[in-house]
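Student: I would like a close look at one part of this model, taken slowly and with the criteria spelled out.

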Amino acid sequence: LNSKETYRVLQGGGWSLPSNTDDISLMLYCTPTYEKKESIVADVETLCGINIPLPHDTVDMISCSIFVEKWARQTMEELGQKVIYSSLEKPLPPLLLAMEEKGMLIAPEYLAEMEKDLEKKLAYLRDELRSIAGDKNFNPDSPKQVASILFEKLRLDKGKAKKIKTGLSTNVRTLESLSHVHLFPALLLEYREIAKLLTTYVRVLPAVADQRGRVHTHFNQTVT
């Protein structure tokens with residue numbers, strides 16, 4: 001069903017797929033009316049209107065794939081999506097696989113310097129937020145404490161915040177709407193952006209790189 005993963009398996013054994021090999025997962029992705037099901041058997045039952053009175057794990061996957069491919073090909077034709085599939089989506093899997101296998105080169109030394117700079121900025125912002133909050137123990141990473149400062153101490157407009165199970169939301173949309181009237185939410189937005197850069201990329205990428213300094217990711221064509 002997934003030609004990229006099939007290419008990967010065959011490549012490990014020294015084989016390859018013909019260049020004209022179709023990818024059913026991409027064909028389905030090119031049909032806007034398709035909604036992903038829990039299994040290929042469920043796809044057959046839904047798309048083709050066929051009831052399969054057998055446990056799904058005992059059904060021949062190849063036979064099911066034939067039914068689904070036929071439906072996808074016909075639907076793409078009807079919706080005018082065939083060109084997008086054949087000229088754009090279908091040729092990509094081998095290229096994406098090559099990109100995954102090669103990996104992306106990173107610069108550990110540069111990231112180490114960036115980490116130091118961002119940590120200094122984060123410490124500065126943390127001190128500024130604690131100063132405005134009037135609490136040297138204030139934790140800007142705590143949504144509960146942030147909500148308390150915003151809506152109880154600073155008495156900012158609660159109507160800007162969405163109600164959630166734990167109280168009032170302090171998400172990006174809330175902070176952006178409040179940043180026009182007070183410095184605290186503006187500083188908190190900057191603090192969160194820097195913290196996310198550090199924890200998601202700057203500190204993480206060197207740890208997941210291989211011995212050649214390359215990071216290997218996974219590219220998924222069937223998501224938007």
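Student: Which residues in H8 meet which residues in H10?

Tutor: This is a predicted model, in which local features need pLDDT of at least 70 and side-chain atom pairs count only at pLDDT 80 or more, whereas totals for chains, interfaces and linings use all residues. Residues are numbered from 1 along each chain as its sequence is written, and side-chain values use heavy atoms, with hydrogens and water left out.

From H8, Val 146, Ile 149 and Leu 150 meet Phe 184, Pro 185, Leu 188 and Arg 192 of H10, contact being heavy atoms within 4.5 Å. By class, this contact of H8 with H10 has 6 nonpolar residues, no polar ones and 1 charged (Ala, Val, Leu, Ile, Met, Phe, Trp, Tyr, Cys and Pro count as nonpolar; Asp, Glu, Lys and Arg as charged; the others, Gly among them, as polar). The axes of H8 and H10, the latter spanning residues 183–202, come within 11 Å and cross at roughly 160° (lines fitted to C-alpha atoms over the stretch in contact, with angles from 0 to 180 degrees between N-to-C directions). H8 is therefore roughly antiparallel to H10, a label for angles over 145 degrees.

H8 (143–153) also supplies at least two residues to the lining of the second largest pocket, as does strand S3 (167–168) (DSSP runs, H or I of at least four residues for helices and E of at least two for strands). H8 gives the largest share of that lining, 6 residues. The second largest pocket is lined by 13 residues, with Lys 144, Ala 147, Thr 166, Gly 167 and Leu 168 nearest its centre, and its lining has 5 nonpolar, 5 polar and 3 charged residues. Here a pocket is an open set of points on a 1 Å grid over the protein atoms alone, where a 1.4 Å probe fits, with protein on both sides within 12 Å along at least five of seven lines, and lining residues have an atom within 4 Å of a point.

Terms used: Parallel < 35°, antiparallel > 145°, perpendicular 65-115°, else oblique.
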